[in-house]
Amino acid sequence: MASSKQIRPSVTALAAPASAGTYFQTLIGLLVAFGMLCAGLLIYANRDGELPPAPLTAEVSFNEKAQFIRSMDGRNFDIIAAGSSLAVNDLTSDVLLEEIPSHPSLINIAAFGLRVSETRLWLNHVMRRFGNPKLVVTILSPQDFQAESGWYEPADPFLDGYLAGKFQPSLYFDNFSLVTFMNLSWHMKQDRTSRRAYSSLDFDRDGGVPLDMGFPNVDISRWNYVFHYSMMDDGQYKALDRMAGELKSNGISLVCVFPPTRRAGRARENAVEAEKYRSRVAEILKKNGQTLINLDITLDLDDSHFADYIHLNARGAQAVSQALGRDLASMTALTTNSVVPRRLEEHR
Amino acid sequence: MALNSFLFLLLFLPAVLIVQVLLQKYGGRQWPEVWLLAASLSFYGFEGFAQLPFLIGSIVCNWWIARMMVSGAGEIRRKWILQIGLTVNIAFLCVIKYANFVLGSVAALHGPQITLPHWGPPLGISFFTLTQIMYLVDTYQGLNQPNSLLDHATLVSLFPYITAGPLVRSRKIVPQFTKFQFEESRSERGCRGLYLFSIGLAKKVVIADSFARIVDAGFASMKYSSTLEAWVYTLSFTFQIYFDFSGYSDMAQGAAWMLGIDIPQNFDAPYRSRSITDFWGRWHISLSNFITDYLYTPILRSLGRATLATSAIAILIAMGIVGLWHGPAWTFVIFGLLHGLGLATNQVWKKRKLKMTGWLAWTLTFAFVNIAFCFFRSPSIPIALDLLKAMVPQRDLFGVDAIRGIFSWADAPRMAIGVVAAFAFQTSSEMAASFRPTRMAAGVTFALIVISWFFMGSSPAKQFIYRGF
């Protein structure tokens with residue numbers, strides 16, 4: 001065993017001239033100048049709409065949505081639309097609410113890439129802040145049932161405080177990344193003002209983003225994408241079961257929607273696995289006394305309604321919102337009547 | 001609180017330094033030390049208040065045992081008290097950290113299935129327990145006087161090294177609490193400390209973390225890797241752990257210098273070693289010293305006459321224990337035993353005065369270290385074996401399908417700098433040694449801090465690897 005070979009500064013040789021003051025003055029001067037430059041950039045970015053949202057997670061769409069919800073200032077909502085990008089892009093709240101005579105209020109808390117388990121946690125945070133809604137609507141796709149990506153941390157301890165409008169410096173101490181901040185700043189303004197990209201965060205009044213794009217102005221790999229059911233995670237079904245049960249026990253209705261899919265895509269997917277997925281979701285909802293609406297059966301949309309293999313564009317979102325609004329109009333939770341939606345009955 | 005967190009850098013460290021300087025100037029003789037202890041316990045308690053009783057209990061217990069040992073007792077009684085002290089420390093470590101591992105291993109041999117409630121071991125338990133074992137042994141041997149409770153608590157809990165070392169000896173550290181022992185001025189030592197700290201910070205957040213993405217994905221499963229990918233995964237970890245741990249050690253030493261305290265250097269360009277013995281003289285030096293003085297030598301003595309065979313046995317036992325010290329897993333034990341085997345082989349080699357050209361010796365040493373790290377990083381032995389199997393040339397030699405999805409070109413320049421810096425140029429200690437507090441040095445420090453800031457807080461890796469131990 002070797003003994004350590006320590007390199008020590010030879011103190012006498014290194015006895016530097018007494019210029020520690022120069023060193024500190026220079027360093028502090030540089031840091032102050034740099035700090036002022038950063039502050040100036042922050043002020044500019046904020047004025048110009050380029051300032052990214054607080055770094056709650058590593059996913060900007062979630063952070064932006066959290067910022068959006070925070071600005072709602074604790075209002076109560078009758079309907080919460082939750083889920084992943086499908087719920088962001090496939091719902092046009094104006095159209096949906098027009099179909100419901102009781103004129104309920106709605107907030108769309110969905111964010112890109114959220115899995116079912118993450119949606120459940122996120123929903124709990126939102127309900128702690130805004131109180132219980134009458135109804136939770138979520139649009140489901142098999143992607144929502146993949147294993148968690150790890151980019152989201154919807155159970156983050158900062159979320160409750162953030163939604164309540166608290167200033168939490170440690171949120172920035174823990175999560176701030178200059179690289180991420182700068183990357184985001186480049187396209188924040190564009191994402192907030194245009195709906196011509198999949199990454200758009202140009203929320204409508206209630207938090208949805210109907211996309212202003214369609215074939216052939218699409219990403220062709222997304223247009224032709226085929227989902228592989230081998231990527232499904234069993235834990236996500238359990239999360240759905242848990243969420244449906246928890247909502248039920250709190251007297252909240254859950255409506256899950258299978259959105260319309262492109263005919264070409266449907267033809268290419270693994271039909272057996274797709275059916276297994278749909279049956280399992282239906283079973284879970286039935287067990288918990290919650291509702292499933294299968295618009296994939298009842299709403300046959302052509303390619304002009306789509307932005308990619310599954311996400312709808314504004315035209316598709318309008319069609320889905322209309323159909324869904326009609327179904328929700330008859331829901332017990334939103335009316336005094338107790339009528340089961342026609343399509344639900346058909347599905348059962 | 002990690003040394004690379006914004007909270008530590010922007011609030012904790014500046015606040016501690018400012019108050020420390022004021023107390024040194026205007027306070028009494030002991031107030032700076034009291035402040036250091038309070039700051040260190042706050043630093044530790046920040047991780048979880050529930051962990052503090054373990055640390056404080058361990059400190060008080062060892063302080064009391066050392067006092068008992070020197071309280072005019074006879075030699076037999078002193079030895080007896082030392083043995084009790086060592087047993088208490090080892091039992092403390094075993095119960096807290098290894099109980100479930102031992103029970104799980106027994107159950108695997110068709111024993112009874114017993115599982116204790118799972119609790120995370122207190123932060124830095126391996127480090128503060130070894131520090132106190134050294135203290136007790138040194139006190140028994142008369143190498144240091146028993147500390148006052150204040151001195152002992154400050155020695156054990158000092159925030160620069162409580163979480164991940166280096167391991168320190170009481171007689172080197174305690175006198176520095178009340179007397180500044182550097183020949184240069186406090187402010188110059190502070191500048192040098194800040195300079196070393198900024199180098200360590202850059203090593204961690206700029207270089208080490210750039211390898212993390214590949215390492216995390218690569219070690220999760222090795223089933224479909226080509227030979228090239230397997231080597232990329234293992235080499236990535238080899239560089240990641242070096243820059244992570246040596247970066248931490250530089251930060252710890254730099255922070256200690258800013259406080260006016262000298263702590264041991266822990267790394268000295270280990271990947272330039274030409275033998276495993278040489279490697280352990282440069283890698284985790286404070287642990288290496290501990291192994292030599294407190295494990296290997298006593299074990300060798302207990303085996304009777306020192307021969308090549310008994311020496312090899314002592315090394316294997318010592319390194320096996322050190323492997324296990326890293327964590328309750330057989331992968332760590334294998335890592336330790338492999339290094340023990342390497343050290344024993346090196347002893348035989350030297351005894352027989354065999355020669356090897358420099359480049360071959362370096363290549364073999366580096367390859368051996370790299371292979372041993374496979375076990376260190378792998379979550380299980382089967383994954384480590386899969387990895388080793390994949391590293392042997394096979395049908396798929398140069399496939400990159402698996403790595404294509406995880407490799408980011410944005411990380412490539414940082415990785416390249418790391419690879420070059422591990423083998424060439426000055427080490428951080430050499431840079432700190434040649435430091436002079438000039439405007440240029442201030443500019444370099446500023447650049448390192450700003451560049452590090454660019455990468456701080458970003459995924460994928462934030463924590464230091466050795467914090468887990």
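## Helix packing and local details in a two-chain model

Let's start with two helices of chain A: α11 (residues 234-249) and α13 (residues 271-287) pack with their axes 9 Å apart, at an angle of about 25°. That makes α11(A) roughly parallel to α13(A), a term for angles under 35 degrees, while over 145 is roughly antiparallel, 65 to 115 roughly perpendicular and the rest oblique. This is a predicted model, in which local features need a pLDDT of at least 70, side-chain atom pairs count only at pLDDT 80 or more, and totals for chains, interfaces and linings use all residues. Residues are numbered from 1 along each chain as its sequence is written, chains are lettered from A and ligands numbered from 1 in the order in which they are written, and side-chain values use heavy atoms, with hydrogens and water left out.

- Chain A has a mean pLDDT (the predictor's confidence in each residue, from 0 to 100) of 83, and 88% of its residues reach 70 or more.
- Within chain A, residues 1-7 fall below 50, and this stretch has 26 contacts in the model beyond near neighbours in sequence.
- Residues 9-18 of chain A are also below 50, with 20 such contacts.
- Chain B averages 87, and 94% of the residues score at least 70.
- In chain B, confidence is highest in helix α6 (residues 149-157), at a mean of 94, and lowest in helix α16 (residues 401-404), at 72.
- For the complex, the predictor gives an ipTM of 0.76 and a pTM of 0.74.

- Helices here are DSSP runs (H or I, at least four residues), as are strands (E, at least two), and they are numbered from the N terminus.
- Axes are lines fitted to C-alpha atoms, for helices over the stretch in contact, and angles run from 0 to 180 degrees between N-to-C directions.
- Contact means heavy atoms within 4.5 Å; among the residues that meet are Y237(A) and L240(A) from α11(A), and Y277(A) and I284(A) from α13(A).
- By class, this contact has 7 nonpolar, no polar and 4 charged residues.
- Ala, Val, Leu, Ile, Met, Phe, Trp, Tyr, Cys and Pro count as nonpolar, Asp, Glu, Lys and Arg as charged, and the others, Gly among them, as polar.

**Two helix pairs in chain B**

- The axes of α3 (residues 52-69) and α5 (residues 125-140) of chain B come within 10 Å and cross at roughly 5°.
- α3(B) and α5(B) are therefore roughly parallel to each other.
- Their contact includes L55(B) and I59(B) from α3(B), meeting residues of α5(B) that include F128(B) and Y135(B).
- α6(B) and α7(B) (residues 170-178) cross at roughly 115°, their axes coming within 10 Å.
- That makes α6(B) roughly perpendicular to α7(B).
- D151(B), T154(B) and L155(B) in α6(B) meet S170(B), I173(B), V174(B) and F177(B) in α7(B).

- F258(A) and Y277(A) form a tilted aromatic pair, with 5.5 Å between centres and 45° between planes.
- Rings of Phe, Tyr and Trp (its six-membered ring) pair if their centres lie within 6.5 Å, and planes under 30 degrees apart are stacked, over 60 edge-to-face and the rest tilted.
- The peptide bond from F215(A) to P216(A) is cis, with omega near 10°.
- A269(B) is not a glycine, yet has a positive phi of about 45°.
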